[in-house]
Amino acid sequence: MRIMTCDQNAFLLSRLQRGIPVSAHPFTQLASECCTSEQYIFDLLESLRSDGTLRRFGAVYDARRLGFHSVLCAASVPPAELERYAAFASECSGVTHCYQRGVPDGANGYPNLWFTLAAPSAGFDRELSKLQAKFAPCTIHALPATKRFKIDVVFNLATRATDERTEPATPLTETGWKTDAPVFDITADEWKIVRAMQGDMKLHHEFFLPVAQELGMKHEALLEKIADWKTKGIIRRIGAVLRHNKIGFTANGMCCWMLPPERCEAAGRALAQCVEVTHCYERPPLPTFPFRLYAMIHANSQERAKSIFKRISEHAGLSAADGDILFSLREFKKTSLVF
């Protein structure tokens with residue numbers, strides 16, 4: 001087996017994040033593309049799994065196309081009770097990410113607890129109300145993405161930048177808890193496929209065969225279904241999901257700007273072109289947080305992130321003075337949505 005260099009390993013991991021081929025022997029095909037062996041790929045992934053760098057290896061779904069709604073939520077809670085409120089959010093199965101966020105020199109009156117809540121669209125209000133009851137008298141502010149400019153980014157370990165995937169020419173929009181992304185009817189048997197591939201899947205020479213056997217399907221039929229779902233956008237990719245803080249991206253910054261709604265689309269598209277930006281959205285402003293345009297960046301230090309914030313502001317024709325950057329100061333929960 002040929003031992004790969006650090007740069008080659010970085011390229012391979014970037015490729016594994018983008019997803020494996022949908023074929024009977026995907027790792028054989030991938031190994032050939034990357035001039036290595038299947039066993040080398042398995043050994044590399046298992047070593048990253050054992051040290052916690054690999055969060056999981058499996059399918060990444062577009063929850064909207066499966067009838068789910070996911071919203072960023074913010075709350076201002078007493079600092080002394082931050083852990084208690086974070087526990088309320090983290091205990092909710094629909095909460096996938098939960099952070100304390102803030103600016104380095106103080107709170108500035110901004111919400112200090114941020115989390116994402118996902119649930120089937122028809123029941124989203126009910127789930128949010130149940131969580132709000134636990135947070136009383138503090139208020140949870142729901143901030144849906146009214147436009148999405150950039151999503152689904154993988155970290156390029158070779159260049160220390162990101163590989164971007166921007167949204168279509170017309171950004172996807174939302175009204176209430178409804179999105180203009182197509183929602184597909186999934187049968188009970190198809191939901192079994194979704195659930196079988198949503199977690200940390202075992203590595204195997206014929207990667208999809210054990211799933212087919214578990215579900216009582218023909219291997220070829222499962223491959224056809226997965227390929228169809230990728231074409232429809234139900235599955236974004238099947239690959240490695242890494243913990244970014246374990247690979248050197250330790251400063252997670254949420255960049256926000258105040259600007260009129262008519263300027264958001266042009267600025268959002270410009271921000272989406274920046275390789276440092278991993279996600280970019282338009283959201284409704286709050287009285288205590290009057291920002292409309294959001295972009296996530298990751299860097300190896302807060303100083304580096306602040307420098308990036310200034311540069312991408314200029315690139316998008318925005319004033320850094322009309323924006324701010326909130327860092328993830330504490331991570332309470334980070335997981336994938338469980339269907």
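## Surroundings of Gln-198

Gln-198, in this predicted model, touches Arg-56, Ala-59, Tyr-61, Leu-337, Val-338 and Phe-339, where residues up to four places away in sequence are not counted and contact means heavy atoms within 4.5 Å. The residue lies in the loop between α6 (188-196) and α7 (209-215), with helices (H or I, at least four residues) and strands (E, at least two) taken as DSSP runs and numbered from the N terminus. With a relative accessible area of 15%, Gln-198 is buried, a word that stands for under 20% relative accessible area, while exposed stands for over 50% and partly exposed for values in between (1.4 Å probe, protein chains only).

Residues are numbered from 1 along each chain as its sequence is written, and side-chain values use heavy atoms, with hydrogens and water left out. Because the model is predicted, local features need pLDDT of at least 70 and side-chain atom pairs count only at pLDDT 80 or more, whereas totals for chains, interfaces and linings use all residues.

## The protein as a whole

The protein has 10 helices and 14 strands, and buried residues make up 55% of its 339 residues. Of the contacts with a separation of 6 or more, 76% are accounted for by residues 24 or more positions apart.

## Packing of α4 and α5

Helix α4 (residues 82-90) packs with helix α5 (residues 124-135) at an angle of about 160°, and their axes are 10 Å apart; the axes are lines fitted to C-alpha atoms, for helices over the stretch in contact, and angles run from 0 to 180 degrees between N-to-C directions. The angle therefore makes α4 roughly antiparallel to α5, since angles over 145 degrees count as roughly antiparallel, under 35 as roughly parallel, 65 to 115 as roughly perpendicular and the rest as oblique.

In this pair, Tyr-85, Phe-88 and Ala-89 of α4 meet Leu-131, Lys-134 and Phe-135 of α5. The residues of this contact divide into 5 nonpolar, no polar and 1 charged, where Ala, Val, Leu, Ile, Met, Phe, Trp, Tyr, Cys and Pro count as nonpolar, Asp, Glu, Lys and Arg as charged, and the others, Gly among them, as polar.

## Cysteines

With a disulfide defined as a pair of cysteine sulfur atoms within 2.5 Å, the count comes to 0 disulfides. Cys-34 is in no disulfide, and its nearest cysteine sulfur, that of Cys-35, is 7.5 Å away; at 8% relative accessibility, Cys-34 counts as buried. Cys-255 is likewise in no disulfide, the nearest cysteine sulfur being that of Cys-256, 7.2 Å away, and Cys-255 is buried, with a relative accessible area of 0%.
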